Amino acid sequence: MDRRWRDVGVLVAALFAVNVVARLIIRLGFDGEDAASDTAADRVSLVMFVVLGLILAVVVFRWGRRRPVAGWAADIALVVPVAMLLTVLVGPLLVGHNPFAGGAPTFFAQIWLYLLATGAGVLLGYLVLTALGRDYRSQQLKRYAEVRAAKPRRVVRR
């Protein structure tokens, strides 16, 4: 149980760290008011969301091989909102911005984009895992079939 919470905490920290790095790159590299800076900042944000999705895809792929869906899905259901709240509320403060400076539309757009990217990552990881037949359930069914095939059939006399 202790390892499980450590894994959850490390994943939250990793997702938050990706966001902080992206914010620092935007702050230090593209801090301007022209259209080129806005385009570059948008591209860095897009790369950040792709990296978040890929991290979650890899984590789901690895966790899904060892544990049933209910186990890892509960952990992911905890990780995503906690990391999202840190990203949306604490992330801007680290680079000297107000989380609500862009107004409600920008604030909620960040939330929806984060949920979209993480949801796509989780779905991608689970679909690849299931398509390859490496998920926990498929492995259970494979072991069951091997055991059933290994036992000779009992002959019943009448």
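## Salt bridges

Welcome to this predicted model, in which a search finds three salt bridges, each defined as a side-chain nitrogen of Lys or Arg within 4 Å of a carboxyl oxygen of Asp or Glu. As the model is predicted, local features need pLDDT of at least 70 and side-chain atom pairs count only at pLDDT 80 or more, while totals for chains, interfaces and linings use all residues. Residues are numbered from 1 along each chain as its sequence is written, and side-chain values use heavy atoms, leaving out hydrogens and water.

Let us start with Asp 75. Its side chain meets that of Arg 4 in a salt bridge of 2.9 Å, N to O. This pair links distant parts of the chain, with Arg 4 in helix α1 (residues 2-29) and Asp 75 in helix α3, 71 residues apart; helices are DSSP runs of H or I with at least four residues, numbered from the N terminus. Asp 75 also forms a salt bridge with Arg 67, where the closest N and O atoms are 2.4 Å apart. Together, Arg 4, Arg 67 and Asp 75 are linked in a network of salt bridges.

Both Arg 67 and Asp 75 are buried, whereas Arg 4 is partly exposed at 30% relative accessibility. Here buried means under 20% relative accessible area, exposed over 50%, and partly exposed in between (1.4 Å probe, protein chains only).

## Aromatic pairs

The whole structure holds three aromatic pairs. Rings of Phe, Tyr and Trp (its six-membered ring) pair if their centres lie within 6.5 Å; planes under 30 degrees apart count as stacked, over 60 as edge-to-face and the rest as tilted. Trp 72 and Tyr 126 form a tilted pair, 5.5 Å centre to centre with 45 degrees between the planes. Trp 72 sits in helix α3 (residues 69-94) and Tyr 126 in helix α4, 54 residues apart. Trp 72 is buried, at 5% relative accessible area, while Tyr 126 is partly exposed, at 26%.

Phe 107 and Phe 108 make an edge-to-face pair, with 5.3 Å between centres and 80 degrees between planes. Phe 107 is buried, with a relative accessible area of 13%, but Phe 108 is partly exposed at 46%. Ring pairs link Phe 100, Phe 107 and Phe 108 into a cluster.

Note on methods. Helix = DSSP H or I, 4+ residues; strand = E, 2+ residues; numbered from the N terminus.
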